[in-house]
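Please show how the features of a protein model are read, beginning with the overall fold and ending with single residues.

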Amino acid sequence: MKLLITGASGMVGEGVLHEALKDPGIQQILVLGRRPCGHTHAKLTEILLPDLMDITPVAERLTGIDACFFCLGVSSVGKSEARYTELTHTLTLGIARELARRNPDMAFFYVSGKGTDRTERGRTMWARVKGRTENDLAALPFRAFYGVHAGYLHPIPGLQHTQSYYRWIGWMYPLLARLAPHSACRLDELARTLIRIAREGHTSDIITVADMRR
């Protein structure tokens, strides 16, 4: 497979990249982002673009891709709904439309969150915006679309971009995984799930934490 990964300078994207680099069935990986991901490998090519709102300067390089793992995202904390929508929905759809035009046989995976509201009518702002984003992505002419409803993701060793607070809360993961197994998984479990579904498909266009653990 040839993959495209976004958000590899963040914890989730880096974790997905970490597993993809180890998979012998993945021959080429493109990483699209604003900043270097901090990794080098024979099958890794970085495409850096300061403004991801407009990817036309690099669009010709984004062809022949079998799957996109879209791990780019921002927190809604401190943001208005309009600003969060711009950074979440507008940015994502702008990239996805260009990819769909050039890669109709691509499977597109959008790493969203547990609680994403596809009705777009709930009280939680981020969940509505993510739900609208998933609905609009699902309408694009990809081979397949999957909304990845991740919960708590436990980092794996060897990552450069793990957020510092995981050093203080990581001890809780074994307890959380036991008490709420459908709400927490390891980052490598998420990554291997995406890779496997990119190859084999899935029975639903939503990937849950239970799917990842299974």
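Predicted model: local features only at pLDDT ≥ 70, side-chain atom pairs only at ≥ 80, totals over all residues.

Q: How many helices and strands does the protein have?
A: Helices (H or I, at least four residues) and strands (E, at least two) are DSSP runs, numbered from the N terminus. By that assignment the protein has seven helices and nine strands. Its radius of gyration is 16 Å, close to the 17 Å that the globule rule gives for 214 residues, so the protein is as compact as a globular protein of that length. That radius is taken over C-alpha atoms, and the rule is 2.2 Å times the number of residues to the power 0.38. The C-alpha trace spans about 45 × 40 × 35 Å along the principal axes.

Q: What percentage of the residues count as buried, and what percentage of contacts join residues at least 24 apart?
A: Buried means under 20% relative accessible area, exposed over 50%, and partly exposed in between (1.4 Å probe, protein chains only). Of the 214 residues, 53% count as buried. Contact means heavy atoms within 4.5 Å. Among contacts between residues at least 6 apart in sequence, 67% join residues at least 24 apart.

Q: How is a pocket found, and what is the volume of the largest pocket?
A: Rolling a probe the size of a water molecule over the atoms shows where empty space is left. Here a pocket is an open set of points on a 1 Å grid over the protein atoms alone, where a 1.4 Å probe fits, with protein on both sides within 12 Å along at least five of seven lines; lining residues have an atom within 4 Å of a point. Grid points are joined across faces, edges and corners, and a volume is the space filled by probe spheres set on the points. The largest pocket holds about 940 Å³ of space. It is lined by 34 residues, of which Val-12, Gly-73, Val-74, Ser-75 and Gln-163 are the closest to its centre.

Q: Which elements supply its lining, and which classes of residue are present?
A: At least two lining residues come from each of α1 (11–22), β2 (28–33), α3 (125–138) and β7 (152–154). The most, three residues, come from α1. For the classes, Ala, Val, Leu, Ile, Met, Phe, Trp, Tyr, Cys and Pro count as nonpolar, Asp, Glu, Lys and Arg as charged, and the others, Gly among them, as polar. The lining of the largest pocket then has 16 nonpolar, 14 polar and four charged residues.

Q: What lines the second largest pocket?
A: This pocket has a volume of about 320 Å³. Its lining includes Glu-189, Thr-193, Asp-211 and Met-212. Two or more lining residues come from each of α6 (187–200) and α7 (209–213), and α6 gives the most, with six. By class, the lining has two nonpolar, three polar and seven charged residues.

Q: Where does Glu-189 lie, and what does it contact beyond four places in sequence?
A: Glu-189 is also in helix α6, and it counts as buried at 12% relative accessibility. Beyond four places in sequence, it is in contact with Tyr-173, Met-212 and Arg-213.

Q: Why does His-154 count as buried?
A: His-154, in strand β7, is buried because its relative accessible area is 17%. Its side chain makes a polar contact of 3.1 Å with the side chain of Tyr-152.

Q: Where is Asp-66 placed?
A: Asp-66 is in the loop between β3 (44–48) and β4 (67–70), and it counts as partly exposed at 31% relative accessibility. The C-alpha atoms of Asp-66 and Ala-198 are separated by 7.9 Å, although the two are 132 residues apart along the chain.

Terms used: Residues numbered from 1 in each chain as written. Heavy atoms only, no water. Polar contact = N/O pair within 3.5 Å; in protein donor to acceptor, adjacent residues only side chain to side chain.
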